[in-house]
Amino acid sequence: MSTPEGAPGARPAASFRFAVNVTPREGILDPQGRAVEQSLPHLGVAGVGHVRVGRRVELTVDAADLPAARAVVDHLAAALLSNPLIEQFDVEVLGAASSTATAGVAR
Amino acid sequence: MSVRVGVVVFPGSNCDRDTAWALGLAGAEPVELWHESADLGGVAAIVLPGGFAYGDYLRAGVIARFSPVMRAVAGFAAAGGLVLGICNGFQVLAEAGLVPGALLRNRGLRFVCREVAIAPERLDTPFTRLVGERRPLRMPVAHGEGAYYADPATLAALERDGRVLFRYVAPDGTPALDPDDRANPNGSLRGIAGVTNAAGNVAGLMPHPERAAEALLGSADGLPILRSLVAAAGERAAGAFVVTGRRVLAGDGGVEGGRR
């Protein structure tokens, strides 16, 4: 993906920050979500249901443009960050930064 | 000449020594296979042991899946090599797609560490051929993510094709088909404790046969499973040698000779 410093033309032009939200697929038992749900009466909260617990992964991708960066994230999300058998994911674009290596620490 | 069986060691594996010891009891010469090496050392079978490979970060087994040794193991399995995943090893195989399904968080959310009973569904596989009869085998489980899941079509195919290798059973042998059955420790669908791939040469199970390999430890019911693997691997290694010899006699070079 990355090319040597100074290689003309092919160098990533920008950094893009993404979030990947991974949640259990519909129909997959989510015991964590159920445990959260069952705790709600202890808080005196009513009317909240269908709790699903997942995970969120944020990452920075250096790429020529947003579609190229997005393609990398989609690949990672399907191959590594989620298991398509049991989980679904969605991708959020959090922002673009000009070619700085520090975009990842902007929080 | 004893049969060389590889035991993969990931960072976070913690049953590798026990597994190697139990394989020794089963008649094999255990060989440690380091996760960063794709060299399988000419072993006749491979065991992926229990533990918490790569800290079980992200999902149990998923990071291990992308290690150099697993690329080699996938090639070994595709060529018909015998592979057995135990506990975390089963999770790695499932994440790698080498066996069907996935291992979800235990239904009760607790890490379950206790003795269970499982029964083999089949006695003619490389993993059960020396078990002798379909009877409850007592051995421990120790896992937080062991609830076997597969979609309905996959479950039906597994049942139809005889690829359910082990099921959790009550002490009297009654299968714990219901995920909420007391004898089903983790909420596995259809009470499935172990499965094989379509070709029958790759298997995974959540319980620990290597922790039940000596009567001194409370049960030796796991030993026949490991002895089955070692025996099947030994036959395959010998068979490969014979075939190699014929090919050499026929003047066909380029075979994988010197297979030890």
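Student: Which residues are buried in helix H3 of chain B?

Tutor: A residue is buried if 20 or more other C-beta atoms, placed from the backbone, lie within 10 Å of its own, exposed if 12 or fewer, and partly exposed in between. Helices are DSSP runs of H or I, at least four residues, numbered from the N terminus. In H3(B), residues 68-78, the buried ones are Val69(B), Met70(B), Val73(B), Phe76(B) and Ala77(B). This is a predicted model, where local features need pLDDT of at least 70, side-chain atom pairs count only at pLDDT 80 or more, and totals for chains, interfaces and linings use all residues. Residues are numbered from 1 along each chain as its sequence is written, with chains lettered from A and ligands numbered from 1 in the order in which they are written.

Student: Why are they on the same side of H3(B)?

Tutor: Because they cover an arc of only 110 degrees around the axis, taking directions from the helix axis to the C-beta atoms. Gly75(B) and Ala78(B) are exposed on the face turned away from that buried side. After H3(B) comes Gly80(B), with a positive phi near 100 degrees.

Student: Which residues touch the most other members of the largest nonpolar core?

Tutor: Such a core is a set of buried Ala, Val, Leu, Ile, Met, Phe, Trp, Tyr and Cys residues joined through C-beta atoms within 7 Å. Here the largest has 85 residues, and Val5(B), Leu23(B) and Leu229(B) touch the most other members. Helix H6 of chain B, residues 223-249, gives this core its largest share, 7 residues. Another core, of 9 residues, lies apart from it and includes Phe18(A) and Phe89(A).

Conventions: Helix = DSSP H or I, 4+ residues; strand = E, 2+ residues; numbered from the N terminus.
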